[in-house]
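These are my notebook entries on one structure, kept in the order in which I looked things up.

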Amino acid sequence: MTDKGSKRAAMVKNSVFCFWIVAAQVWYYARFMPAFDPLLKSVRHRLWP
Amino acid sequence: MALVRSLGALGGVALLALLFVSFGRRLLRWTKTPSLSSVENLLLSAAAGVVVFEAGVALVSYTSKFRIGIGVLVILALAVAIPELRGVFRNVVATVRGANFSAIEKALAAAVFLVVSLEGISAMAPLTGSDALHYHFTAAEFYLRDGFRPNFFVVHSFFFGQSHQLILTGLSLGSEKLALGLVYLGGVLAAGAAACVARRWAPRAWGLLAALALLLTPLVFWQMTLSGAPDVWMAFFVTMAVICIASYRDQSCVGLALWTGVFAGAVAGAKYTGCISAASLALAFLWEARSLRAQVFFLGGALWAGIWPYARNFSWTGDPFFPFGVRWFSLNNINHFTLAAVMLYTGASRHAGALKFLSMTTFAAFDPARPGFFQYYGPLCLVLAPFVILAIRNTPLWRAVAITWLASSLGITFTSDMARFLLPVYPIALAASISSVARLRESSWRLAKALSVATVGCVLLMGIAGLLIYERYPLAVSAGLVSREEYLRQRAPDYERAEFVNQALLGTGSSEKTLVFFRHIYYLNVPFVYGDPGGSWPIDPEKLESPEAWLALFRRENIRWVVRSPEYPAAIAGPLQQLENGGALVPVVEGETADFVGKRIEDVKRTTPIVILRVRS
């Protein structure tokens, strides 16, 4: 592969993995939001009993 | 003063840890087990010392003389350990001196020390973990109070495994804090073991990062501090077993095969679901050591270390997995209602598919019906999963980690479906995930590597914030800023109910029992039986349909008092209400207590009535 080709391949590879890193975290935190509900409720309850 | 007591108890835990390491070192010498790296040797010694000590406590149980027996065991272990103390000190000093940390390693090591210290102080808070108040600590108290005999009224007490022997040890030495500290010690050792696994793949800083990430995982710090559950020891034993399996090909020594088996047995003996992790370890060992002799030593070690709870349950009920195997082993002793409730509680009645398996393997499974810290591993294993796939090589350590991780995930997915039960394999998965980032070549992975490191950093920062928020109450009570009573009233479920019953009934007769239906019974100081059919084997709604059946139960069990707080459990409310209406249950003390509504983390309390009724003779 030429220098240009290998650079492009590395960029594509990096982009795919970066997308995965961000997407996986968005999915994960969206899915786990209900776990934080009680904590948020607790804070709300303390502020406005 | 409270802080001094907390630090004193932590000092006691450190002394016991030193005892276990020295004792284990001698055992490793006796079995001619080859040396690994200096830190691995210390951890291997600790694991060996603890497992053999646990087996000793299991043996002592049969005498019912717990306090004397455990005292003798400690003295015996000390006698064996004393000649090794100098060697252990030398090993520790050599490890620290030879470390030669870089600036980043020093910062990471300081962070690990800080987090371990915070968690240690937090772990010294009075017991408030829900399951611990129901059975982890309560079952140990049953043994100390009543001797080594079954208590069918708390069906979860049959889950008392080998790691619970450490709780029993702490309580028999007269200290709840020591018992809690021994639970915490398992987490510290697991972090050390995770660092060792990561260190085998990557530079030392990544090992320290893996340890820090483990210590800051919400599920892990909850297990180490507030839960009062000894499951985190399984994580330590699995990781040490994996290190032994990975070292076996180079060393090929039966001592190593024996200890691998012993650690696998300790995992199986800790919890029923531990059998799945132990079977995964057996599979990994079979792959690495295809010799009959090694397998015999592995199996012998595993049986010797892990058979105790199963033998006990078999001798008491005919079912080694009581109550889960009762349908096959002990047909005439079935309480269908309680069995269904226990299966639902442990997740054993649910079914899972391939997607569930994937989310379990990456520690991203979540049950929205039961949100809470006990499900929260953090996103690192999911986010870094592709890098693990890239980093995986055909080496003994990768094979051992991959087989144990995947086979355990598969087994847990299709038997219990609860992500929490994957804790034993979490350290190896996390070590593999974090060190896989280190293995990416900088030249072609610059962006992905930078984003991965930033993700790890963010997760660690969130972990620190979570730790400080979640542990603020226990830290305050351990440091003496809040009194023990005040803390328990605020944080321990059902504490006010237990306190009410204690105050009303203490001194009313030593042998007469009180029937209670609230779940958290550890703080009750009067003789009692637990009566919720969701967790009490003799309270079978099918058999206790009439008031007469209840009166017979009261006579048989010498029950003099019944506590209604605020209502009876729905499945048995009918006949009990009839007894009350007919005058066979007479209200004698009435009051009000405050307790949590919904999840404890919501911090919402409600005052409800509580009535103590006397059984008219």
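Entry 1, the core. I take a nonpolar core to be a set of buried Ala, Val, Leu, Ile, Met, Phe, Trp, Tyr and Cys residues joined through C-beta atoms within 7 Å. The model is a predicted one. I looked up the largest nonpolar core and found 214 residues in it. Ala194(B), Ala210(B) and Phe263(B) have the most contacts inside this core. Helix α7 of chain B, residues 176-201, gives the most to the core, namely 18 residues. I also noted that both domain 1 (2-472) and domain 2 (493-615) of chain B contribute, each with at least three residues. As a general remark, nonpolar side chains tend to be buried together in soluble globular proteins.

Entry 2, the surroundings of Ala194(B). Leaving out residues up to four places away in sequence, I listed what Ala194(B) touches: Ala210(B), Ala211(B), Leu214(B), Thr239(B), Pro427(B), Leu430(B) and Ala431(B).

I located Ala438(B) in helix α21 of chain B, which covers residues 426-438. Is Ala438(B) buried or exposed? I record Ala438(B) as buried, because 20 other C-beta atoms lie within 10 Å and the cut-off for a buried residue is 20 or more. With residues up to four places away in sequence not counted, Ala438(B) touches Ala202(B), Pro203(B) and Trp206(B). I then checked the pair Ala438(B) and Trp206(B): 232 residues separate them in sequence, while their C-alpha atoms are 7.2 Å apart in space.

Chain B is divided into domain 1, residues 2-472, and domain 2, residues 493-615. I read a separation of 36 Å between the C-alpha centres of domain 1 and domain 2 of chain B. The contact takes 20 residues from domain 1 of chain B and 19 residues from domain 2 of chain B. On the side of domain 1 of chain B that touches domain 2 of chain B, α5 (130-146) and α16 (336-346) of chain B each supply at least two residues. The largest share of that side comes from α5(B), with six residues.

In what order do the five strands of the open sheet in chain B run? I wrote down β2-β1-β3-β5-β4 for chain B, with mixed pairing. The edge strands of chain B are β2 (528-530) and β4 (585-596), each of which pairs on one side only. From one strand to the next, the twist averages 25 degrees. Helix α25 of chain B, residues 495-505, packs on the sheet and touches β1 (513-516), β3, β4 and β5 of chain B. The direction of helix α25 of chain B makes about 145 degrees with that of β4(B).

Strands β3 (residues 559-564) and β5 (residues 605-615) of chain B pair in the antiparallel sense over four bridges. Across this pair, I found Val563(B) opposite Ile612(B) in β5(B) and Trp561(B) opposite Arg614(B) in β5(B). The pairing of β4(B) with β5(B) is antiparallel over eleven bridges. I also noted Glu590(B) opposite Val611(B) in β5(B).

I counted one helix and zero strands in chain A. Of its 49 residues, 10% count as buried in chain A.

Note on methods. Residues are numbered from 1 along each chain as its sequence is written. Chains are lettered from A and ligands numbered from 1 in the order in which they are written. This is a predicted model: local features need pLDDT of at least 70, side-chain atom pairs count only at pLDDT 80 or more; totals for chains, interfaces and linings use all residues. Two strands pair if DSSP finds at least two bridges between them. Axes are lines fitted to C-alpha atoms, for helices over the stretch in contact, and angles run from 0 to 180 degrees between N-to-C directions. Two residues are in contact if their C-beta atoms, placed from the backbone, lie within 7 Å. Domain bounds come from an automatic or database domain assignment. A residue is buried if 20 or more other C-beta atoms lie within 10 Å of its own, exposed if 12 or fewer, and partly exposed in between; C-beta atoms are placed from the backbone.
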